[in-house]
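Welcome, and take a moment to settle in with the sequence and the model side by side. We will walk through the fold a few places at a time.

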Amino acid sequence: SFREPARRALPSVVHIYTTQKVKPQRHPLFDDPIFRHFFGERQESEPQRNSGLGSGVIVSANGYVLTNYHVVERADQIEVALNDGRALPARVVGSDPETDLAVLQLFAEKGRELKLPAITLGSMDNVVVGDVVLAIGNPFGVGQTVTMGIVSALGRSHLGINTFENFIQTDAAINPGNSGGALVDSRGHLVGINTAICSRAGGSLGVGFAVPVSTVCN
């Protein structure tokens, strides 16, 4: 059973919810004076809001969370749901689009101090092809989920996903919503941040990629 590594890692994996204001495109006819003469002035439409979801990993007890840059890119509001049911606001305090990584800072509820369960970082020196790994995240927004697989390959590059690529490949099921979640070893230590999948239909086909913890620590 892999209940122990899952038990250790689960409290450190969070769900990330984002919203983004999107201004509707104005039709060119609204700028035509003849059109306005016959149909009158039209009020600007209210901005719409797009929502997104992803996952993240608590890497510091005082409220720092690691995730993918594409999860929070252009987000106007970010809310992070913790494993204990709390939901806290967050802001981006660091980002690196070249490796698709971002760091969020969580804000404590008024009058309370943040003491969060930070994950233990692993070492890529101990990761080899064939090792068992667990992928933890929030696939399709259904809630926290653990899937199991092995390390299928190391050092994957030339995939056209990021500028700098050195991915861990795994067959642990990774789906939309898992982005930014944890890939942990059989001790529950973080070895990667789940980032992308190779899929024709959008779901897991057993070819997933994670940014290794060595890139995170650099």
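In which loop is the place of arginine 74? Arginine 74 sits in the loop between helix 3 (69–72) and strand 4 (77–81). Helices (H or I, at least four residues) and strands (E, at least two) are DSSP runs, numbered from the N terminus.

Before going further, a word on what you are looking at. This is a predicted model, in which local features need pLDDT of at least 70 and side-chain atom pairs count only at pLDDT 80 or more, while totals for chains, interfaces and linings use all residues. Residues are numbered from 1 along each chain as its sequence is written, and side-chain values use heavy atoms, with hydrogens and water left out.

Now the overall picture. The protein chain has 4 helices and 12 strands. Of its 218 residues, 39% count as buried, where buried means under 20% relative accessible area, exposed over 50%, and partly exposed in between (1.4 Å probe, protein chains only). Among contacts (heavy atoms within 4.5 Å) between residues at least 6 apart in sequence, 63% join residues at least 24 apart.

Let us turn to the barrel. Strands of a sheet pair through backbone hydrogen bonds, either parallel or antiparallel. Here a closed barrel of 6 strands runs 7-8-9-12-11-10, with antiparallel pairing. Neighbouring strands of this sheet are turned by 45 degrees against each other on average, direction ignored; the axes are lines fitted to C-alpha atoms, for helices over the stretch in contact, and angles run from 0 to 180 degrees between N-to-C directions. Two strands count as paired if DSSP finds at least two bridges between them.

Follow the barrel strand by strand. Strand 8 (residues 145–156) and strand 9 run antiparallel and are joined by 3 bridges; arginine 156 has phenylalanine 167, in strand 9, as its bridge partner. Strand 11 pairs with strand 12 in the antiparallel sense over 5 bridges; glycine 192 has proline 212, in strand 12, as its bridge partner. Strand 11 is mostly covered, with 7 of its 8 residues buried.

The loop between strand 10 (182–184) and strand 11 (190–197) holds aspartate 185. Aspartate 185 is buried, at a relative accessible area of 14%. Its side chain reaches the backbone nitrogen of arginine 187 at 2.9 Å. That is a polar contact (a pair of N or O atoms within 3.5 Å; within protein, one must be able to donate a hydrogen and the other to accept it, and residues adjacent in sequence count only if both atoms are side-chain atoms). Leaving aside neighbours within four places in sequence, aspartate 185 is in contact with Pro5, Val132 and Val191.

How many aromatic pairs does a search of the whole structure find? The search finds 1. Phenylalanine 167 and phenylalanine 209 form this tilted pair, 5.9 Å centre to centre with 50 degrees between the planes. Phenylalanine 167 lies in strand 9 (residues 167–170) and phenylalanine 209 in strand 12 (residues 208–212), so the pair ties together parts that are 42 residues apart in sequence. Rings of Phe, Tyr and Trp (its six-membered ring) pair if their centres lie within 6.5 Å; planes under 30 degrees apart count as stacked, over 60 as edge-to-face and the rest as tilted. Both phenylalanine 167 and phenylalanine 209 are buried.

Finally, look at some backbone details. Most residues other than glycine have a negative phi. Arginine 74, however, has a positive phi of about 65 degrees, and this residue is exposed at 58% relative accessible area. Aspartate 100 has a positive phi too, near 60 degrees, but is buried at 6%. Aspartate 100 belongs to the loop between strand 5 (87–96) and strand 6 (101–106).
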